[in-house]
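I opened the model to look at two things.

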Amino acid sequence: MIDFLIKGAKLASGESIDFGIDSGFVVEPATARTNIDASGLVALSGFVDLHTHLREPGFEHSETILSGSKVAALGGFTAVHAMPNTNPVADNAGVVEQVYLRGRQAGYVHVQPIGAVTVGLEGKQLSEMSSMANSSANVSMFSDDGKCVSDALLMRRALEYARTFDAVIAQHAQEPRLTENAQMNEGLVSAELGLTGWPAVAEEAIIARDVLLAEQIGARLHICHVSTAGSVELIRWAKAKGIRVTAEVTPHHLMFTDEKARGFQPVYKVNPPLRLNEDVLALREALIDGTIDVIATDHAPHTAESKDCEWSLAAFGMLGLEAAASIAQSVLVDSGASTWERLEQVLSIAPARIAKLTNQGQGVAKGSPANLTLLDPAAKRSGAIQHSKSSNNPYASETLSGQVIHTFYSGVQTVSNSEIQNLETVID
Amino acid sequence: MKHLLSAKEIDHKLGIQLLDIAAGMAGVNSSDIKKIPTLRGKSIVNLFYEDSTRTRISFELAEKRLSADVINFAAKGSSVSKGESLKDTAQTLSAMGADAIVVRHFASGAAEALAHFGWIDVPIINAGDGTHQHPTQALLDAFTLRRHLFGSSEIGKDLKGINVLIVGDIAHSRVARSNRDLLRTLGATVAFAAPVTLYPFNEDSNPFYSNLDEAISDFQPDAVMMLRVQTERMAGSYFPSEREYARMFGLNSERAAQLSKNAVVLHPGPMNRGLEITSEVADGERSLVLNQVSNGVSVRMAVLYHLLSSSEELAND
């Protein structure tokens with residue numbers, strides 16, 4: 001008898017199948033302890049987020065590894081990448097191993113720590129990347145996210161050093177001098193609102209520099225949360241030249257424009273800022289044509305008091321784990337512009353490949369690890385319902401398309417009928 | 001209208017209505033007994049997070065002439081300096097029974113936060129928020145221009161056909177933004193002259209000049225509004241030196257002489273004499289600077305009256 005029998009699910013390809021899950025793997029259908037009727041549901045390789053702020057250690061009042069893991073599972077994720085801007089910073093083997101272990105204890109998703117590029121995210125001295133790579137956390141991606149590695153020499157050295165163990169540097173592209181005290185996208189809206197603008201060139205100048213560095217060094221570069229049409233053009237050019245660059249876009253940059261800043265509601269304050277409609281359209285096109293490889297959430301929980309205040313005093317960032325699949329479905333599938341296969345690529349297969357997570361992003365195929373999600377594409381749900389410890393949710397007044405119904409991580413059901421499972425009882 | 005947050009919210013009808021009420025208030029201000037009982041029993045808090053002399057005193061006078069009880073709250077030396085949030089301060093004042101809050105704050109959008117974030121339910125009057133808006137300044141400028149143009153036949157008039165040139169640090173000016181909105185609504189054409197580094201509306205359709213002499217000769221302004229230039233802007237490399245700024249964008253007698261015969265000069269104050277405006281011009285015949293100050297009280301009385309007197313009283317007007 002196997003663990004689960006899933007009947008009547010559709011794969012991304014459109015093929016209808018029955019399949020089993022047993023001992024952590026996808027298997028042939030057989031008599032099972034639990035039967036799941038998946039008619040009308042789409043079965044996809046479990047989602048992999050390359051950009052998650054779990055806030056632990058140090059900021060557990062916003063989110064914890066456990067609470068963030070549950071939110072991720074509810075969003076259909078089976079792996080998340082924990083950004084290192086914690087306190088202490090994840091800039092050494094001790095901290096990344098701790099984050100990794102806490103993730104395993106939580107058990108809802110694979111929590112893969114990202115290591116800091118520089119000590120304390122201070123942009124002065126390289127962190128011990130090799131030790132983090134060789135630790136039990138097996139770090140293969142490094143980022144100073146939240147801060148840009150703006151020093152050109154330091155970025156060059158980071159790329160060179162990481163190349164020796166084929167790690168990828170994920171750059172938060174933000175030229176600091178061009179964005180001093182910046183509050184939102186620079187344009188007509190910032191001019192009217194009297195908020196300091198954040199010019200597109202501040203992002204694009206760093207991307208232009210870094211793809212050239214990556215080319216010269218032959219290193220792997222990943223661009224975090226691309227937000228402008230100009231950035232898309234630069235990445236398209238770099239890829240055409242064969243430069244080893246990959247890129248991500250967030251759900252919110254695919255959805256919202258800087259018009260959201262009118263009214264000064266800090267829930268819409270985010271780094272990089274919400275841009276113009278032409279940027280949104282360019283990002284969508286780039287996601288469809290492959291210039292942008294993945295959707296990454298930049299899930300950034302913040303306490304109520306750091307958002308319920310004046311715009312310029314508020315923290316940057318918004319939630320994203322629970323909305324990501326719905327935004328992807330709207331942009332790629334419901335729009336008619338692309339396919340479920342592309343959605344599975346950008347939410348699972350490509351991010352797992354970039355992060356070299358061999359147990360993730362393997363599709364729903366017999367013999368592959370049972371990391372998968374079943375979602376109902378016809379469901380309409382309120383974006384207001386969310387499960388993070390924080391409530392800085394920009395989708396509260398939106399109706400979202402599609403809902404994650406079941407999620408399996410390593411053969412364990414983490415979400416059943418859109419409810420998070422209590423894992424102790426499941427494992428017993 | 002419950003709050004006054006932005007000049008953008010003032011439509012043509014309301015603009016004329018407020019200016020007309022202000023004209024009546026100006027009559028009160030020029031009589032012997034400068035006080036009417038309209039807001040007797042109302043408590044108004046002036047919540048000032050930024051230093052201000054003329055705006056705070058102007059509001060205070062307006063409130064007192066309407067017989068309101070006035071509480072002045074400056075952020076310095078208060079619980080704010082102990083780290084209290086705007087939300088907590090506002091809720092505290094509201095719990096004590098404030099009937100309206102006049103707020104000046106360093107953060108753009110602070111007045112909107114007080115009005116719309118669900119913290120309190122009290123009329124909010126924006127007395128300047130960051131580099132965003134300063135709607136009563138726009139009203140007093142419009143009032144000053146209208147009175148200059150029409151004198152005693154001002155009632156019901158707008159500013160149609162008037163050319164207003166705003167000169168200086170547009171980027172950091174809430175005065176410029178508010179006037180851009182209100183003067184246009186009232187029918188004026190607004191143009192800007194500034195170093196391009198201090199002009200944020202590049203994508204807009206306003207006439208813009210990077211040369212003041214050209215602006216004067218091409219645009220033929222009926223009014224020139226000179227903005228205060230903060231010398232700390234030099235640190236941000238917005239312009240190289242005070243000397244160069246004064247030479248390129250300062251209003252001196254020679255430039256003023258190029259203005260059309262009846263053109264007037266405004267300045268929201270405080271002035272940097274010798275930088276954006278010379279004393280000869282500031283104190284000269286064209287200058288309406290002191291009219292602006294006295295009209296400020298009348299306009300603020302009009303706003304308070306409009307927002308705070310009961311609807312029955314308004315209906316009986």
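Buried area here is the accessible area (1.4 Å probe) that two parts lose on being put together, summed over both. By that definition, chain A and chain B bury about 1,500 Å² between them. Carbon and sulfur atoms make up 55% of it.

I noted the ground rules next. This is a predicted model, where local features need pLDDT of at least 70, side-chain atom pairs count only at pLDDT 80 or more, and totals for chains, interfaces and linings use all residues. Residues are numbered from 1 along each chain as its sequence is written, chains are lettered from A and ligands numbered from 1 in the order written, and side-chain values use heavy atoms, without hydrogens and water.

I then looked up contacts (heavy atoms within 4.5 Å). Chain A puts 16 residues in contact with 21 residues of chain B.

How many salt bridges cross the interface of chain A and chain B? I found 3 by the rule, a side-chain nitrogen of Lys or Arg within 4 Å of a carboxyl oxygen of Asp or Glu. B:K8 and A:E192 form a salt bridge through their side chains, at 3.4 Å from N to O.

I moved on to the cavities, sets of points on a 1 Å grid over the protein atoms alone where a 1.4 Å probe fits but cannot get out. Lining residues have an atom within 4 Å of a point. Volume is the space filled by probe spheres set on the points, which are joined across faces, edges and corners. The count is 3 cavities of 30 Å³ or more.

The largest cavity holds about 90 Å³. Its lining has 16 residues, with A:E322, A:A323, A:Q386, A:N393 and A:Y395 nearest the centre.

Note on methods: 1 Å grid on protein atoms, 1.4 Å probe; cavity = no way out; pocket = protein on both sides within 12 Å on 5 of 7 lines; lining within 4 Å.
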